[in-house]
Amino acid sequence: MTTIEPLERLRERTIVGMGDAAALDHIATLIDASGDAGFAKGADRAIFLLDELAKRDLDAVNGATSEYFRANAWALKEEVAGEKGSWAWEHPEREHQLLALSRAATHPGFPELSTVRRCQILTNRGNHLNTAGRFIDAVESWDQAIAIIPRFAMAQANRGYGLKHYGGLLEDDRDRAFLLASAHGGFVDATTTGAVYDAEYPASLSRRFASEAEAMERYVDLARVRAMQDENPDSLGKSEAERRYRRWCLDLRLFLNPLNDIGGSADAANDGLVLPAILERFDERPGAFTPPPIIGFFNQMKQEYASARFMLFEGLRDTGLHFSDRRVSLFDTLDYPMHSLATERVRTAYRIAYSLLDKIAYLVDHYWKLGKQPDRINFRNVWMVEGKARLHHGFENRPNWPLRGLFWLSKDLFDDRLKHTTGPDARELHDIRNALEHKFLQVHEGWAAAFQSSPPNSDGLGISIDSDLLEAKAIRVMKIARVALIQVVMAIGVEERKIRADDGEALVGVMSLATLDDGRKRRDPKWP
C-alpha cells in the first residue's frame, strides 16, 4: 500500500449521516493529513465538504469553526501551489483565506469559541492582512488577539514584525522610534516565561524572536523613547468636551497618525499625517509658483475626514432634542422611525467617509498616471484595466507594499463588475451607501428591534436599518477611510524615495511650505 492510499480513502469519505461536530472533525483531519503530505486533492475535497456542510443549519460555534477550517483548506491550496508568500497582487487563495477568517472573526459564534481558537483566527487574519500590505488592519487584528490572551506568542511576534516594517515607511524619526519600541515589546512578550504557544513550535522560532528584540535594543535607545512617550500625559485638549472627543478618537483609532495604531497616548491625539515631499519637473506646470495641486487635494480630503469624524462623534453622543429639530412636522410611521439632527450627522459622516475612498481613487489615478476615464473611477475599479476585471499593468508585481495594501483594502468593498471581495459585509456597506445617496435609508430605533414581530421594510424604495447597525457601519467606513488615507501617503512616500534614488544627480529646487495656522480656519465674521 502506498502512503497516498490512506489519504485517498480519507478523501473519499462522505459526511452524509455524520453529525455536524463529527463532520468538522473529519474535515479537520483531512486538512491536517493532506498538509503533512502536500496532498492538493485533500484541500479541494475539504472545501467541497465545507460547502456541503454550509447547507445545514449549523449552530453558532460550528458555523464559526467551519470558516476557520475553510481558511486552513485554502492555506493548504496556496502552499501546495507554491504560492505561499507570493508578491503577486492578485492572489485568489489569499482572498479566500481573508474572507473566511473575517467571516469567522465576525461570526455570532466567535465569542463562544475557546480563547486559543479565537486568537488563532485573529492572528492568522492579521498575518494575511500584513502579507497583502494592509499592515494597519493587521496590527488591529493582532491586538484583538492579544486582548484575549496577552502573551499569545504568535500574535505578539507577528505584531512585532508588522510594526517593524510599518515603522520603516515613516519619515519622522520620532514616530518610527515609537513603533519600533512597541515592536520590541512584542518580541519580548513572545519569548519570556508565560508566553502562550498554540502548537508545538521549534525552539529556533523563539530564539529568532529573541534575536529581533536584541537587535532593536542595540539600535534604538528604548529607555529614552519610552520616556518621550510619557512626556505629555494630559495634552488631550483645553476643555472637557475636547478631551472626551479626542479620547473617543484614540480609543477607536481614528486619528490620522501612525502612533494611534500602537495605543491611546496623547502623542497620537492629532492628525499629523501629511504627504511626503513631492518632486515635480520644472516643465510639468510651466510658470507655476504654487505647490503641486495634489497637496491641496489631500488637504481637502483630510479636512473632510476630520469633519465627518466629529459629526459621527456628535451623532453618536447627542441624546437631547436640538433646537433645529423643533417645528419640523413629520408623521409617525409606526415603525419607530429616527429623524433628528443626531441621526443626520451619522448618515452624513457615513456618506463623506465612503466618498473619500473614491477621491483617493482619483488621487491614485492622477499620481500614478493611469489615464482612467474620470467619470468611471471608484476605489474598487481604479486598479483595473478600463472596463475589464483585470489588474492594470502598471501595478503588476509593483514593489510598493503600502500601495498593494491599498489595492487589497479596496477588496473589502463591493462593485457590480468585480464580484470577489474580502469583506464579509462588503455588499451591505455598498447598499447602505447607495440608499443614502440615491434612495431611501429608513432608520429605526435600535432598541425597538426586539419588540417587532417582523423587520420593517421600505417597499422597494430603499432599505431599512436599525440605528445600532447604522452606527456600527458608520464607524467601520470611517476606519476604512482612515486606513486608506494613511496608506496612500505611505505609498506615495515609497515612490518619491525611489524617484530620488534613481535621479540622485538631478538638480532639485525646494519650495518650503508652512502649516496653515489654526486662526485662519475661523470664518471671518465681517463677511456674510
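A residue is called buried under 20% relative accessible area, exposed over 50%, and partly exposed in between (1.4 Å probe, protein chains only). The model described here is predicted, so local features need pLDDT of at least 70 and side-chain atom pairs count only at pLDDT 80 or more, while totals for chains, interfaces and linings use all residues. Residues are numbered from 1 along each chain as its sequence is written, and side-chain values use heavy atoms, with hydrogens and water left out.

Salt bridges (a side-chain nitrogen of Lys or Arg within 4 Å of a carboxyl oxygen of Asp or Glu) number 40 in the structure. One of them joins Asp20 to Arg56, with 2.8 Å between the closest N and O atoms. This pair links distant parts of the chain, 36 residues apart: Asp20 sits in helix α2 (residues 20–37) and Arg56 in the loop between α3 (40–54) and α4 (60–80). Asp20 is partly exposed at 23%, and Arg56 is partly exposed at 27%.

Other bridges lie within a helix. Arg427 and Asp431 meet at 3.1 Å, N to O; both belong to helix α16 (residues 426–438), four residues or about one turn apart. In helix α17, Asp502 and Lys498 are likewise four residues apart, about one helical turn, and their closest N and O atoms are 2.9 Å apart. A network of salt bridges links Arg134, Asp137, Asp412, Asp425, Glu428, Lys473 and Arg476.

Definitions and conventions: Helices (H or I, at least four residues) and strands (E, at least two) are DSSP runs, numbered from the N terminus.
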